[in-house]
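Dear colleague,

I am handing over the structure below, and my notes on it follow. Please read them alongside the model.

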Amino acid sequence: MTNNSLSRFELKDRVIVITGGAGLLGVMHAESIAGAGGTPVLADLNGNSAEKSAASIAEKFGAPTLGIKTDITDKASVEKLRDAILNRFGRIDGLINNAANNPKVEGDQQTTEWSRFENFSLEAWEQDMAVGLKGAFLCSQVLGSKMAECGKGVIINISSDLGLIAPDQRLYAKEGVPADQQPVKPVTYPVVKSGLIGLTRYLATYWATKGVRVNALCPGGVETDQPEDFKERLHSKIPMSRMAQKDEYQGAILFLISDASSYMTGATLAVDGGRTCW
């Protein structure tokens, strides 16, 4: 690539907000932004973790950062976030809607009847929808509107491979457990992740003339401490025969949030080792 091409990935002075910023991938997203010269703002319900992660990133990259406690399901809290960013940096250039509830079914050693559709509680449904969809809606409304007002900005909605395909519940099966008690991926996760793709397309067309681009990233699973039998089952469904490492989405984040993707909006980018090809 030419130097001019490489410069399109630079984020110098751009302020990018990451919800769920203190989580595993939230920190990775923030590091990719700081490494490209940008200013990551880590918004998380756990304010202490957000502040510590932001401080660590600032030390590692020598970049300005901000960690701030935010309840993305509360509009007043999101407005407070917006005002704090503008008071500190004077601008908002991007938003990564990353926060989500994601119960680790495969790591639960107990029979998880609660996750089955027949037993899934309305309370759990409302909580997951509040974080995954209501939160993305409010952050896009409050922060995205500011970007539209300024005539430029980027939003990335973090969907999932399960926003494109249904969960294969056989991955979570436990030997010796009756069929009606087998754990499953809860209904809310793929519904939220599919909904984020719909939100992406809506906002991409709604703000197309306002200079705000909106795209969705559909990552596959990240390898952490999942049981070996679960990983073996999942690997068999992925053409690359493995899960992602936690830093393998940084390139996609940098591409989508920077001018390298300047003619891309309303798109859904799958980075899943090829899983959704099968």
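**Aromatic rings and other local features**

W207 is buried, at a relative accessible area of 8% (buried means under 20%, exposed over 50% and partly exposed in between, with a 1.4 Å probe and protein chains only). This is a predicted model, in which local features need pLDDT of at least 70 and side-chain atom pairs count only at pLDDT 80 or more, while totals for chains, interfaces and linings use all residues. Residues are numbered from 1 along each chain as its sequence is written, and side-chain values use heavy atoms, with hydrogens and water left out.

The ring centres of Y206 and W207 lie 5.9 Å apart with the planes at 65°, so this pair is edge-to-face (rings of Phe, Tyr and Trp, the last by its six-membered ring, pair if their centres lie within 6.5 Å; planes under 30 degrees apart count as stacked, over 60 as edge-to-face and the rest as tilted). Y206 is exposed, with a relative accessible area of 53%, and ring pairs join Y202, Y206 and W207 into a cluster.

A search of the whole structure gives four aromatic pairs, among them the stacked pair of Y172 and F230, at 5.7 Å centre to centre and 25° between the planes. Y172 is buried at 8%, and F230 is buried at 7%.

The charged end of K185 sits over the ring of Y189, 4.5 Å from its centre (the criterion is NZ of Lys or CZ of Arg within 6 Å of the ring centre and within 35 degrees of the ring normal).

Finally, D13, a residue other than glycine, has a positive phi near 70°, and D13 counts as partly exposed at 45% relative accessibility.

Best regards
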